[in-house]
Amino acid sequence: MTEARGSAGPNGATHSRHAPGTPCWVSLMAHAPDATQEFYGALFGWEFRPGPQQLGPYLRALLDGVEVAGIGQLPPDRDLPIAWTPYLASHDVDATAETVRLCGGTVGVGPLDAGEAGRMAICSDPAGAVFGVWQAPAHLGTAVSGVPGTPAWNELRTYESENIAKFYATVFGYDEEPAGADDPDHVTLLVDGRPVADIHGDGAALPRDRGAHWLTYFTVPDTDAAVDRVVGLGGRSLVAPHDTAHGRVATVADPEGARFAVVGAAS
């Protein structure tokens, strides 16, 4: 995990339009959104209000009245994983979707209009990891960062980093920063010189039940307490809390199996 730099400070100030490629939203498609709403509301203190309904029932999660994430109902006719999906900003989602296809990726949904909020597509990269693309005339995305209950970072866990990094760099115009000899299969993606996401090549260590996937980190005040809370609410601890250079981190899953990470202050 690389240091996350959000588009808005801890005071919850809203942000301007995101540069292309910047993670701007995270959304979860679940089988039981009502139960999922209860889980995340209890874990992060989120409240909810209805959002665009183009893909079925959808809720926007709010923290102190500011939008931070979305939860929708998984359409029965869509072969999509139960997973947190990052959305990457685009000024032209149709052109981005076409580039995804030309570079060996797949466009599974869209491009389509999400009411007046914006235009979107759901895609997968050549290794199968699912991500969204968001064009924002109105809804700019997550409007606060750096406080508990908000997305802190996104990283891609995949088979190898080099070729997949080239895919994302071609589609979104990222610059790439290799991690170095101590972590050779790791690339950080940059927008205007600013780190926005990591790509880790895990090879045979990648979980077979997940394959290549994006992992979203959420800020919490206390990582160990957050993991205990996840388990108490019916979720699971997958990777126990441990200290890193960027804080104390753990990987967990919600009751439907959607994986995410929590990160708090280093001890």
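The accessible surface of this protein comes to about 11400 Å², and 49% of that surface belongs to carbon and sulfur atoms. Please bear in mind that we are looking at a predicted model. Of its 267 residues, 54% count as buried. The secondary structure consists of four helices and 16 strands. As for the contacts between residues at least 6 apart in sequence, 62% of them join residues at least 24 apart.

Let me turn to the helices. Two packed helices are described by the angle between their axes and the distance between the axes. Helix α1, residues 33-44, packs with helix α4, residues 223-232, at an angle of about 155 degrees, and the two axes are 10 Å apart. Angles over 145 degrees count as roughly antiparallel, and α1 is therefore roughly antiparallel to α4. On the α1 side, the contact is made by Phe39, Ala42 and Leu43, and on the α4 side by Ala226, Arg229 and Val230. The crossing of α1 past α4 is right-handed.

The second pair is formed by helix α2, residues 93-102, and helix α3, residues 161-172. Their axes come within 9 Å and cross at roughly 150 degrees, so α2 and α3 are likewise roughly antiparallel to each other. α2 passes α3 in a right-handed crossing as well. Here Thr96, Thr99 and Val100 of α2 meet Phe167, Thr170, Val171 and Phe172 of α3.

In the case of valine 196, the separation from proline 23 is 173 residues in sequence, while the C-alpha to C-alpha distance is 6.9 Å.

Threonine 85 belongs to strand β5, residues 84-89. Its relative accessibility is 11%, so threonine 85 counts as buried, the cut-off being under 20%. Leaving aside residues up to four places away in sequence, threonine 85 touches Trp25, Val26 and Ser27, together with Val130, Phe131 and Gly132.

Strand β4, residues 66-73, contains glutamate 67. Is glutamate 67 buried or exposed? With 10% relative accessibility, glutamate 67 counts as buried. The side chain of glutamate 67 makes a polar contact of 2.7 Å with the side chain of arginine 49. A further polar contact, of 3.2 Å, joins the side chains of glutamate 67 and arginine 60.

Finally, some remarks on backbone geometry. Most residues other than glycine have a negative phi, and most peptide bonds are trans.

Aspartate 64 has a positive phi, near 55 degrees, and lies in the loop between β3, residues 58-63, and β4. Its relative accessibility of 78% is over the 50% cut-off, so aspartate 64 counts as exposed.

Aspartate 192, also not a glycine, has a positive phi of about 55 degrees. This residue lies in the loop between β11, residues 186-191, and β12, residues 194-201. Aspartate 192 counts as exposed because its relative accessibility is 73%.

Where is the cis peptide bond that I wish to point out? The cis bond joins glycine 110 and proline 111, with omega about 0 degrees. Proline 111 lies in strand β6, residues 106-114.

Methods. Residues numbered from 1 in each chain as written. Predicted model: local features only at pLDDT ≥ 70, side-chain atom pairs only at ≥ 80, totals over all residues. Heavy atoms only, no water. Helix = DSSP H or I, 4+ residues; strand = E, 2+ residues; numbered from the N terminus. Buried < 20%, exposed > 50% of the residue type's maximum accessible area, 1.4 Å probe, protein only. Contact = heavy atoms within 4.5 Å. Areas by Shrake-Rupley, 256 points an atom, 1.4 Å probe, with all protein chains shown as cover. Polar contact = N/O pair within 3.5 Å; in protein donor to acceptor, adjacent residues only side chain to side chain. Axes fitted to C-alpha atoms, helices over the stretch in contact; angles between N-to-C directions. Parallel < 35°, antiparallel > 145°, perpendicular 65-115°, else oblique. Left-handed = near helix turned anticlockwise from the far one by under 90°.
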